[in-house]
Amino acid sequence: MRVLEFEAKQLLREQGLPVPQSKLVNSSKEAAEAAQFLGEAVVIKAQLPIGGRMKAGGIRFAASQAGAESEAGALFGQKIRGFLVERILVETQIDIDRELYLGILYEASTRSPVLIASASGGIDVEVTGTVIRRPFSCVIPPGDYIGRQVAADLGFSGKNLLRLGSLVTQLMHCFLRWDATLLEINPLVVDKVGHWWIADVHLELDDDAAFRQKDLLEKLSTSSSLAASISDFELRARQINQKDHRGVAGRLVPFDGNLGLLIGGGGASLTSFDAVLDAGLKPANYCEIGGNPSVWKIQELTKLILSQPQVDRLAVIMNVVSNTRVDLVARGVIKGILQMGKEPSKVIVGFRVPGSWEDEGKAILDYYGVPNFGRETSIDQVVEAIKCQF
Amino acid sequence: MSILANEDTRILVQGITGREAATFVSESIQYGAQIMAGVTPGKGGLTVNGVPVFDTVAQALKAAPCNATIISVPASVVRDAAWEAFENGLPLVLIVTENIPKQDVAAILERASVVGARVVGPNSLGIISPGLTRIGMCGGKAADVRRAYKPGPVGVISRSGGMMTEIANLLTMNGIGQSTCVSIGGDPLIGSTFLDLLPLYEADPQTRALALFCEPGGTMEERLAEHLKNHPCQLPILAFVAGRFADRMQGQRFGHAGAIVEGSKGSPNGKMEVLREAGVHVVDKLSQIPGILRELLGKDL
């Protein structure tokens, strides 16, 4: 889950880390009041779950109360990369002397968390400057010396070495304590009088660790509700999945094509979807089904996919399955189509699920005249055969 | 021969009383796997399909020595189960559980490298050396496993457990058997990557070619390609990369940190390109796999 800037900064402030003074506002009038409270120069920052806000026009500067009001007024109600601006963080502008970059995330090659630091921060940090990488342990708590080493490697000494060193170590502790998957400070700023500031932060939390981060997530109510918001179509798929514990069938992403897809599981969904696009067919959805779903579950998913007005055909494709009952999938799909008052042989352009009870499945499909394929026909060959029906 | 799993593999199952574990234990025994003992804290003294259950790994190993363990416990306690396995000297730890916190996975893999244990997974469906044994649940019921998997010269490594059975079945249907198939799990952080397993296959006299199933994300394909450029491999390698559509549609954005760490890595088309440059036979369609392997194997088939 991506944590919005204002909630991430609140967490960092609670840890005693240096975050500029700011106020969250919901209207341009409140923005003007905030600017008055914070002093002359402020930054107006749209609170959105995306990166690259500066380039997208979501961050603006104002030198006066009136300027803050008009800049905020221009941002509110705007859509930036598909997200509506509903909240703005008005923050004290910092008189920047220099900018640095700090990031912590997991690295596949070392199989560990890694700290990345660069003496030159900013919006194009990935293409500029020397970068320091420091993998660290998940078993032994990060020591203060690691932060000092990083500060020294970046060329700092004296007070600044100690200040940056402790900041780095504290961030490493936060990363582990919060079960973060990304904690990025860009830029980390030193102002003209030598103070250090976390000017912007990008925090991502591990959804798989939510079970042990309940207190933390409670503090992040805005980010949580934003992360949980999904389209009506996806919500209905999730509800079908939750009503019956048998099998997995919750992940359904809509597209605008006419060919509905019931495909699974993880790798097979990727393979089937590639084959469908390669053949020039137009998918109506992505999905991943797996485990041993009940007839009811498959029937409801079939109806949901076919309920999209542009969808008139359906393909059912899975890998050679180990615990899915083929006959149950066949019955579910056919029941769903019949309940919608349609003819299975006209809707289903291809059914390929080899595995347990495949003979029983084939008997059902043959009875309804549905074109079906066995384990001797590979996934791409099935899609080629389907293509011929369009 | 084979790698990792053979007729001498004696298996422990941590979390044996769970529904999923009880099912794959019974199916594995029917396939001929030696499941020696199981562990579920608080349930010592029970049996699952004739396999004795103990409260601790130490007790289980004392009663029935094992050289591999399958961890099939809830995500929140996998780290503890893995550390118990390491402390008791188990050299091969297969983790079936998925959705484990990343921090726990990193901690497990860090400990494993310290104690010298091999981890396969998380989110692995298992390891199978057809005709010899199976560790895990790949392929399902014994009869279905015998139908999809046959002994032979091709090693299969797959980031998807389901597609491993699909590929083995495709090979078997075309008269090409397999030496050992390993479901390594699809996450970026895993215990055994393509590159980690390569030396084992190179040392195995039965294996004459490798087939890899790759997915988007992570850097293990790129790291394999990098290695192959500097250390040419005697075994011909074939790869299929799934999820190319991710490049065409709006993919996941990694942000600055991801861009620094992964560079341009992670995209399916990028993976195909670097693998090709490294001499790997990359196929565009699954159905091309048997034909190309047949050519590569030549008289070894």
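Tutor: Of the 301 residues in chain B, 59% are buried. Buried means that 20 or more other C-beta atoms lie within 10 Å of a residue's own; 12 or fewer is exposed, and anything in between is partly exposed, with C-beta atoms placed from the backbone. This is a predicted model, where local features need pLDDT of at least 70, side-chain atom pairs count only at pLDDT 80 or more, and totals for chains, interfaces and linings use all residues. Residues are numbered from 1 along each chain as its sequence is written, while chains are lettered from A and ligands numbered from 1 in the order in which they are written.

Start with the build. Chain B has 12 helices and 14 strands. These are DSSP runs, numbered from the N terminus: helices are H or I with at least four residues, strands are E with at least two. The C-alpha trace of chain B spans about 55 × 50 × 35 Å along its principal axes. Its radius of gyration is 19 Å, which agrees with the value near 19 Å for a compact globule of 301 residues. That radius is taken over C-alpha atoms, and the globule rule is 2.2 Å times the number of residues to the power 0.38.

Next, the contacts inside the chain. Count those in chain B with a separation of 6 or more: 73% join residues 24 or more positions apart. A contact here means two C-beta atoms, placed from the backbone, within 7 Å.

Now the partner. 50 residues of chain B are in contact with 50 residues of chain A. On the chain A side, the elements giving two or more residues are β8 (96-107), β9 (112-118), β11 (180-191), α9 (266-278) and α14 (379-387). α9(A) gives the most, with eight residues. By class, this side of chain A has 20 nonpolar, 19 polar and 11 charged residues. Nonpolar covers Ala, Val, Leu, Ile, Met, Phe, Trp, Tyr, Cys and Pro; charged covers Asp, Glu, Lys and Arg; the others, Gly among them, are polar.

Then the backbone. Most residues other than glycine have a negative phi, and most peptide bonds are trans. The peptide bond from G121(B) to P122(B) is cis, with omega near 10°. P122(B) sits in the loop between β7 (118-120) and β8 (126-129) of chain B. N99(B) is not a glycine, yet has a positive phi of about 60°. Look for N99(B) in the loop between β6 (92-95) and α4 (102-115) of chain B. N99(B) has 16 other C-beta atoms within 10 Å, so it is partly exposed.

P187(A) lies in a strand, β11 of chain A. R111(A) is not a glycine but has a positive phi, about 55°. R111(A) belongs to the loop between β8 and β9 of chain A. R111(A) has 22 other C-beta atoms within 10 Å, so it is buried.
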